[in-house]
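Reader: I have a new model open on my screen. Please show me how to read it, feature by feature.

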Amino acid sequence: MVIRTASLLGLALLLVGSAEARMYRWVDDSGMTVYSQSPPPSGEATEIKVNTSTAAPPEKPSTDGQAKEAAAPEKPAGPTKAEIEESNKIKADNCKAATSNLSLYENLGNKLVKTPDGLYKRLTEEERQQKIQESKKGIEEYCDK
């Protein structure tokens, strides 16, 4: 979960861009990959090239006055078979996780739950009901009916 969050944050930073368009990547002391617009205070970082251009360059007119046709090969419309299979696998994994979580939270009682930071805590009834609702939303979203 932490890696996914860090990856999404890094991707968001890449998409936002900056005037200098410089990004740095390094691994911190705890083993986490960090993305930043400034290098780390100490240690080594890899500079990532960021393309901040959002528009295609203007097409130059041909010398004979007619517009040139794009010579790029056509891409197939829609996702490929491999992309669909990967998406279905992820969806099935998410469905399984949501179903498992729903069962866990419905039958939890007063037991301890492991938090993302590795600690254990008892959920209040309100927190437990919130987790149940989140699990049900996950089931609706990822499980075929």
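Reader: Which exposed residues does the face of H3 turned away from its buried side carry?

Author: Glu 126, Lys 137, Glu 140 and Glu 141. One caution before we go on: this is a predicted model.

Reader: How should I read the two sides of a helix?

Author: Start with the general idea. An α-helix has 3.6 residues a turn, so residues three or four places apart point the same way. Now take this case. In H3, Arg 128, Ile 132, Ser 135 and Gly 138 are buried. Viewed along the axis of H3, the buried residues lie within an arc of 120°, so they line one face of the helix.

Reader: What do the buried residues of H3 pack against?

Author: Helix H2, residues 81-106.

Reader: How many residues does H3 have, and how far does it reach?

Author: H3 covers residues 125-142, which is 18 residues. From first C-alpha to last, the helix reaches 26 Å. That is close to the 26 Å expected at 1.5 Å a residue.

Reader: Let me step back. How many helices and strands are there in the protein?

Author: Three helices and five strands. Read from the N terminus, the order of elements is α-β-β-β-α-β-β-α. Of the 145 residues, 17% count as buried. Contacts can be sorted by how far apart the partners sit in the chain. Among those with a separation of 6 or more, 39% join residues 24 or more positions apart.

Reader: Now the strands. What is the order in the open sheet of three strands?

Author: The order is S2-S1-S3, with antiparallel pairing. S2 (33-36) and S3 (46-49) are the edge strands, and each pairs on one side only. On average, neighbouring strands of this sheet are turned by 30° against each other, direction ignored.

Reader: How do I read a strand in general?

Author: In a regular strand the side chains alternate between the two faces of the sheet. Then look for bridges. Strand S1 (residues 22-27) is joined to S3 by four bridges. S1 and S2 also pair over four bridges, in the antiparallel sense.

Reader: Which residue takes a positive phi in the hairpin of S1 and S2?

Author: Gly 31, with phi near 90°. This hairpin has five residues between the strands.

Reader: One single residue, please. Where is Lys 121 found?

Author: In strand S5, residues 120-122. To class a residue, check its relative accessible area: under 20% is buried, over 50% is exposed. Lys 121 has 35%, so this lysine is partly exposed.

Reader: Which residues does Lys 121 touch, not counting residues up to four places away in sequence?

Author: Lys 111, Leu 112, Val 113, Thr 115 and Glu 127. With Glu 127 there is also a polar contact, side chain to side chain, at 3.1 Å.

Reader: What separates the C-alpha atoms of Lys 121 and Asn 110?

Author: A distance of 10.0 Å. Along the chain, Lys 121 and Asn 110 are eleven residues apart.

Definitions and conventions:
Residues are numbered from 1 along each chain as its sequence is written. This is a predicted model: local features need pLDDT of at least 70, side-chain atom pairs count only at pLDDT 80 or more; totals for chains, interfaces and linings use all residues. Side-chain values use heavy atoms; hydrogens and water are left out. Helices (H or I, at least four residues) and strands (E, at least two) are DSSP runs, numbered from the N terminus. Buried means under 20% relative accessible area, exposed over 50%, partly exposed in between (1.4 Å probe, protein chains only). Contact means heavy atoms within 4.5 Å. A polar contact is a pair of N or O atoms within 3.5 Å; within protein, one must be able to donate a hydrogen and the other to accept it, and residues adjacent in sequence count only if both atoms are side-chain atoms. Two strands pair if DSSP finds at least two bridges between them. Axes are lines fitted to C-alpha atoms, for helices over the stretch in contact, and angles run from 0 to 180 degrees between N-to-C directions. The expected span of a helix is 1.5 Å times one less than its number of residues. The arc is that of the directions from the helix axis to the C-beta atoms.
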